[in-house]
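Please look through the sequence and the structure below. The briefing that follows goes through them topic by topic.

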Amino acid sequence: MPDAVAKMAPVATSQPSQSPLHVLVAEDDPIFRRLLESWLQTWNYQVTTVENGTDAWEILCQPKTPDLLILDWMMPGVDGLELCRRLRARQCEQYQYVLLLTGKDDKQDIVSGLNAGADDYLTKPFDIDELRARLRAGKRILSLQHELIQAREALRFDATHDALTGLWSRGATLHLLANELQRGARANSSTGILMVDLDHFKSVNDTYGHLVGDEVLKQTAQRISQAVRSYDFVGRYGGEEFLAILTDCNPDELRVVAERIRSAVADIPIDARPSNIQATVSIGAVVASNQAHDLEFLAIADSALYEAKRAGRNRVVIGTCPSRLFREQGFEKGTVIAHA
Amino acid sequence: MPETSITVATAAIETAWDPAEALERVGGNESLVRQLVQIYAEEAPKQLEKLRTAISADDSETVEMIAHRLRGELSYFGLPNTARKAHDLERLGRNHDLRNALQLFAAFEADLLIGLKAMERMLENDKI
């Protein structure tokens with residue numbers, strides 16, 4: 001699932017409880033069409049009316065479809081039963097509640113209507129109070145479904161994001177990296193990997209306490225996110241370690257973005273009230289092409305990070321790629337490209 | 001036309017339809033009843049002609065569909081006897097047996113025209 005994780009941010013879905021419910025009425029009989037339109041408007045529903053099933057299907061194929069459908073059973077062309085079948089046959093995130101209108105009172109017809117996917121039915125001539133009550137029942141189901149989708153999206157977000165920083169979680173980041181390397185291999189492009197580690201973070205925690213430490217982590221995460229390009233990914237890889245995945249990235253861009261991150265953290269002290277913390281990061285960087293496994297590149301970035309720490313911190317070190325690739329990228333082994 | 005039959009027809013029109021039932025059905029909205037009756041007065045004669053043509057053409061599917069529609073509307077307006085005749089025609093269509101349809105249609109048409117006259121009268125009056 002190459003794109004699944006990237007799409008996991010919470011989705012803003014419409015709030016049926018706040019805006020009027022949109023009802024589609026498909027009814028070929030002009031009298032019942034007018035009657036339903038008038039009643040529904042009085043009850044504050046947003047109403048669209050059509051006089052046949054073909055027009056109804058056209059509306060249902062548009063991106064934003066009505067929430068609740070009142071479909072006449074018998075219509076020329078595509079009838080209510082067929083509309084139900086088509087609707088339920090397609091996989092759609094938004095559930096449509098279907099109320100089938102029928103003049104038929106035969107039990108078998110009602111059964112086949114429900115089997116075709118209708119949620120409820122109403123026989124003509126219908127009673128105003130009964131219709132209103134059945135619409136309310138539909139509304140309840142729809143708002144319940146809306147709440148479930150929202151809860152699921154929130155859980156999905158929590159499962160893939162770090163609670164403190166809001167960045168991608170470690171698992172999601174590794175997943176994104178694997179996807180990006182695969183995509184790069186298909187598109188014949190390289191991917192930049194930056195392993196970013198806060199320097200002396202343990203002493204920040206020890207000296208100022210964990211609340212200040214958390215604030216430093218949060219603000220560092222924000223600065224990294226702002227320093228990368230809009231199409232890059234940033235995740236929290238470990239305690240004070242971050243991983244940035246730079247899509248379609250050549251060595252020059254890798255150098256520029258890595259340095260931007262380093263200076264974004266180092267240039268301005270972090271306001272972690274009551275203290276101002278002068279934080280710095282060390283960065284191990286590598287440009288990964290499709291010649292090796294993602295874990296190999298992570299190991300290279302990790303070694304480069306170690307090298308940056310050993311060389312005095314607050315600096316970027318470009319990692320050692322397999323020698324052939326390394327030459328192609330134009331770097332010397334363990335090149336320090338920036339430091340304070 | 002002899003005078004007696006006119007009297008009978010007028011009496012039939014007066015008793016053919018009581019708008020109170022329709023008014024109650026739409027929740028007491030008089031203007032909505034008028035709108036619906038207006039639509040019906042325009043639509044029903046067209047449907048009647050389509051039904052006649054379908055019977056002549058032995059097109060049982062169309063007979064079923066139009067009779068079904070007329071039945072629903074008539075029930076709604078509170079014309080149960082006429083609706084019953086429409087139901088009979090609908091059944092003939094569904095059973096693909098239109099042998100007695102023309103005869104039944106004549107009785108249905110007569111009933112419906114009286115009903116329509118009664119509706120037109122209501123439209124002419126200020127109050128239902």
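**Briefing: two chains in a predicted model**

Between them, chain A and chain B bury about 1700 Å², with 68% of it on carbon and sulfur atoms; buried area is the accessible area (1.4 Å probe) that two parts lose on being put together, summed over both. This is a predicted model, in which local features need pLDDT of at least 70, side-chain atom pairs count only at pLDDT 80 or more, and totals for chains, interfaces and linings use all residues; side-chain values use heavy atoms, with hydrogens and water left out. Residues are numbered from 1 along each chain as its sequence is written, and chains are lettered from A and ligands numbered from 1 in the order in which they are written.

- A:Ile31, A:Met74 and A:Pro125 supply 33% of the area that chain A buries against chain B, more than any other three residues.
- Chain A brings 17 residues to the contact and chain B brings 20 residues, where contact means heavy atoms within 4.5 Å.
- Two salt bridges are counted between chain A and chain B (a side-chain nitrogen of Lys or Arg within 4 Å of a carboxyl oxygen of Asp or Glu).
- A:Asp28 forms a salt bridge with B:Arg69, and their closest N and O atoms are 3.9 Å apart.

**The sheet in chain A**

- An open sheet of five strands in chain A has the order β2-β1-β3-β4-β5, with parallel pairing; two strands pair if DSSP finds at least two bridges between them.
- Strands β2 (46-50) and β5 (120-123) of chain A are at the edges with a single partner strand each, so one side of each has no neighbour in the sheet.
- From one strand to the next, the twist averages 20°.
- Helix α1 (residues 30-42) of chain A packs on the sheet and touches β1, β2, β3 (68-72) and β4 (97-102) of chain A; its direction makes about 170° with that of β2(A). Axes are lines fitted to C-alpha atoms, for helices over the stretch in contact, and angles run from 0 to 180 degrees between N-to-C directions.
- Strand β1 (residues 22-26) of chain A runs parallel to β2(A), joined by five bridges, and A:Val25 stands opposite A:Thr49 in β2(A).

**One residue in a helix**

- A:Ile110 lies in helix α4 (residues 107-115) of chain A.
- A:Ile110 counts as buried because its relative accessibility is 15%, and buried means under 20%.

**Confidence**

- Chain A averages a pLDDT of 86, on a scale from 0 to 100.

Note on methods
pLDDT = per-residue confidence, 0-100. Helix = DSSP H or I, 4+ residues; strand = E, 2+ residues; numbered from the N terminus. Buried < 20%, exposed > 50% of the residue type's maximum accessible area, 1.4 Å probe, protein only.
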